[in-house]
Amino acid sequence: VRYGRRIDAAVAAEVERLAEMAITDPLTGLRNHRAFHEDIARELQRAGRTGVPLALALLDVDDLKAVNDTHGHQAGDERLQALADAIRATGRGADLAYRVGGDEFAVILPDTGIEGGRAAAEELVHAVRRHGEVSSEGRRAEVTASIGITALEGAPSAEQLLVEADIAMYEAKDAGKDRIAA
């Protein structure tokens, strides 16, 4: 009987490890695209039920291709890891951070309206600037971030909230990058 319990515990631990791997980005350690969609749906339900505000920041890394081309993909990966660390460091305890694509990150900001979302995005832009420079062999490249912010208004779907944040992020890029738009 003792061996059976040990095996059951080992199997349970392995299942838990595999479940965590399924929702974690292996490069950055942030939650991944799949986890983002599960969490944003849950947070929208919570916000709708309780009436508390909710904001979403969508961050796209500007000029990561230049880092990859000039310094190699390892340098680009190191920038992504540093940016993930910066995103974690600037967030409040309740904020939920994700790597949702190759050079895209999302941050769900519970209990935050549009003005709080703007303030959080400003901190993120500055954090990316501080961690975005790469230089080697006399060559320098720098990444910045374009961030789109949207907040819960009415009863949008997760898709609608994401589309609004994506549109705002592209407005930030079109306005010259390294900035936020809401």
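Student: Is Asp77 buried, partly exposed or exposed, and why?
Tutor: Asp77 counts as partly exposed because its relative accessibility is 33%. Buried means under 20% relative accessible area, exposed over 50%, and partly exposed in between, with a 1.4 Å probe and protein chains only.

Student: What kind of model is this?
Tutor: This is a predicted model, in which local features need pLDDT of at least 70 and side-chain atom pairs count only at pLDDT 80 or more, while totals for chains, interfaces and linings use all residues. Residues are numbered from 1 along each chain as its sequence is written, and side-chain values use heavy atoms, with hydrogens and water left out.

Student: Where is Asp77 found?
Tutor: Asp77 is in helix H4, residues 73-90. Helices (H or I, at least four residues) and strands (E, at least two) are DSSP runs, numbered from the N terminus.

Student: Changing topic, what is the phi of Asp63?
Tutor: Phi of Asp63 is near 65°, a positive value in a residue other than glycine. Most residues other than glycine have a negative phi. Asp63 lies in the loop between strand S1 (54-62) and helix H3 (64-71).

Student: And what about the phi of Asp178?
Tutor: Asp178 is not a glycine either, and its phi is positive, about 55°. Its place is the loop between helix H6 (158-174) and strand S7 (180-181).

Student: Which residues have the most contacts inside the largest nonpolar core?
Tutor: That core has 29 residues, and those with the most contacts inside it are Leu59, Val61, Val67, Ile87, Phe105, Val107 and Ile147. A nonpolar core is a set of buried Ala, Val, Leu, Ile, Met, Phe, Trp, Tyr and Cys residues joined through side-chain atoms within 4.5 Å.

Student: Which elements give two or more residues to it?
Tutor: They are S1, H3, H4, strand S3 (104-110), helix H5 (114-131) and strand S6 (144-151). A second, separate core has 17 residues, including Ala35 and Met169.

Student: Last one: is Thr28 buried or exposed?
Tutor: Thr28 counts as buried because its relative accessibility is 7%. Thr28 is in the loop between helix H1 (2-22) and helix H2 (33-50).

Student: What does the side chain of Thr28 make a polar contact with?
Tutor: The partner is the side chain of Asp25, at 2.6 Å. A polar contact is a pair of N or O atoms within 3.5 Å; within protein, one must be able to donate a hydrogen and the other to accept it, and residues adjacent in sequence count only if both atoms are side-chain atoms.
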